[in-house]
Amino acid sequence: MMQIAVVGTGYVGLVTGVCLSEIGHEVTCVDIDEKKVESMRQGLSPIYEPGLDELMKANIERGRLHFTTKHKDAFAGAKAIYIAVGTPQREDGQADLRFVEQVAIDIANNINNDVVVVTKSTVPVGTNERVQSIVKEHLKDDYKVYSVSNPEFLREGSAVKDTFEGDRVVIGADSEEAAALLEEINRPFGIPIFKTGIRSAEMIKYASNAFLATKISFINEIANLCEKLEADVEDVAAGMGMDDRIGSKFLKAGIGYGGSCFPKDTSALVQIASYVQHDFNLLKSVIQVNAEQQKMLVSKARERFGNLKGKRVAMLGLAFKPNTDDMREAASITLAHELVNEGAEVVAYDPIAADNAKKLLPAETLYTDSPEEAITGADFAMIVTEWEQVKALTFQDYIEKLNEPVIFDGRNCYSLEQAAEHPVEYYSVGRKPILNRN
């Protein structure tokens, strides 16, 4: 087993470091935030990710997982150093690489042996070569430094599971020696390993996320068409998914994608294409469709009620998806601002993400501790995130607690057959509305 350093303790860095320690490596995670590092030393994860806390505590106790603010301590004797810092989106859509470049300088200034630098952060094509160049430029001693691209394919909310049960480990390297080292590190996961060139590995990450985002925007466009043609998008998606060439995953209609990956990576790939004078029209359309889809529940409510001024709206779920507290590019942000601009009062519920939501939703937003409390006295409800706590609400709950039993379901949580058995108005995505009220 190997000595490894991981720089950055966000979703990617922390999950990577913890899981590498779980398969037997000795891992030191580096972060510049002393308070955060001290908390992690106690086995407390700074992010909400199912199963992560337990693995952290177990491997800290085994002496295989360490946390520090000092790069020199982390890099001493490390055979591989993982870069897992953020690459936030700039205003022009490009990935901001200043944190990655700073890590490259830190590596050059603090290593005391030959090392393989492994980029986990999602970076534009050519970045790994830039990292290697920066390290060599700042090196004070004659150490060998190899750069390897090892993109992650983790889903927030199931990142630990995805690490151990992933479809593939992608290794992009120009050095057979460096590729062999990374293959050895990852072999205990028992996941198929795909080796390629550095630039191809960088592109695989962007291409994968762009394709999945395209599937989501495609099925949402089909859903909008189904509503106009009186077809059912769930039946359409099921029939499409039976074709092996298409597959059933990412064909669930809803109010669009969000999170830290798809919005940022699609925009970045459009920018990357522009550098080589390629106009990526397909992906531009995917982004535009998603932006419009996030507003659709407000459009449906406006069509139903006309004027939303003075309406009390129960917003159920705020995070961009269940089992995470991540609010980045969440549909709830767009919806809440649209509703408040229309003069509505928003009463929101989320079991995990409320604190993060308060930084992004309008200041007028009210927050509750339960979905039942959110719908009590509201004029209608919007289902934004399909948390189990939200799906546990019954139509009888809505009938008893809403001023009017009018539900706009952005995640198709209920079957039309269920809705048809109750005196409610139920509007979903890509399916006919159920209008059972007198």
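A: Glu 230 is exposed, with a relative accessible area of 76% (exposed means over 50%, buried under 20%, and partly exposed in between, using a 1.4 Å probe and protein chains only). Keep in mind that this is a predicted model, where local features need pLDDT of at least 70 and side-chain atom pairs count only at pLDDT 80 or more, while totals for chains, interfaces and linings use all residues. Residues are numbered from 1 along each chain as its sequence is written, and side-chain values use heavy atoms, with hydrogens and water left out.

So where is Glu 230? Look in the loop between α9 (198-229) and α10 (233-241). Helices here are DSSP runs of H or I with at least four residues, strands are runs of E with at least two, and both are numbered from the N terminus. Now check the backbone: phi of Glu 230 is near 60°, a positive value in a residue that isn't glycine. Most residues other than glycine have a negative phi.

Glu 329 has a positive phi too, about 60°, and isn't a glycine either. Glu 329 sits in the loop between β9 (312-316) and α14 (331-341). Its relative accessible area is 45%, which makes it partly exposed. One more for your list is Gln 277, with a positive phi of about 55°, just after α11.

Let's stay with α11, which covers residues 262-275. Because 11 of the 14 residues are buried, α11 is largely enclosed by the rest of the structure. Among those buried residues are Phe 262, Leu 269, Val 270 and Ile 272. The buried residues of α11 pack against α12 (281-293) and α9, the helix on one side of the loop that holds Glu 230.

Ser 149 has a relative accessible area of 3%, so it counts as buried. Leaving aside neighbours within four places in sequence, the residues in contact with Ser 149 include Thr 119, Asn 128, Ile 198 and Ala 201 (contact means heavy atoms within 4.5 Å). Ser 149 and Val 429 are 280 residues apart along the chain, and their C-alpha atoms are separated by 39 Å.

Back in the loops, Gly 377 lies between α16 (371-375) and β12 (380-383). At 28% relative accessibility, Gly 377 is partly exposed. Setting aside neighbours within four places in sequence, Gly 377 is in contact with Arg 312, Lys 401 and Asn 403.

Finally, zoom out. The protein has 19 helices and 15 strands, and 54% of its 438 residues count as buried. Its C-alpha trace spans about 80 × 45 × 40 Å along the principal axes. A compact globule with 438 residues would have a radius of gyration near 22 Å, and the 24 Å of the protein agrees (the radius is taken over C-alpha atoms, and the rule is 2.2 Å times the number of residues to the power 0.38). Of the contacts between residues at least 6 apart in sequence, 71% join residues at least 24 apart.

Methods:
Expected span 1.5 Å × (residues − 1).
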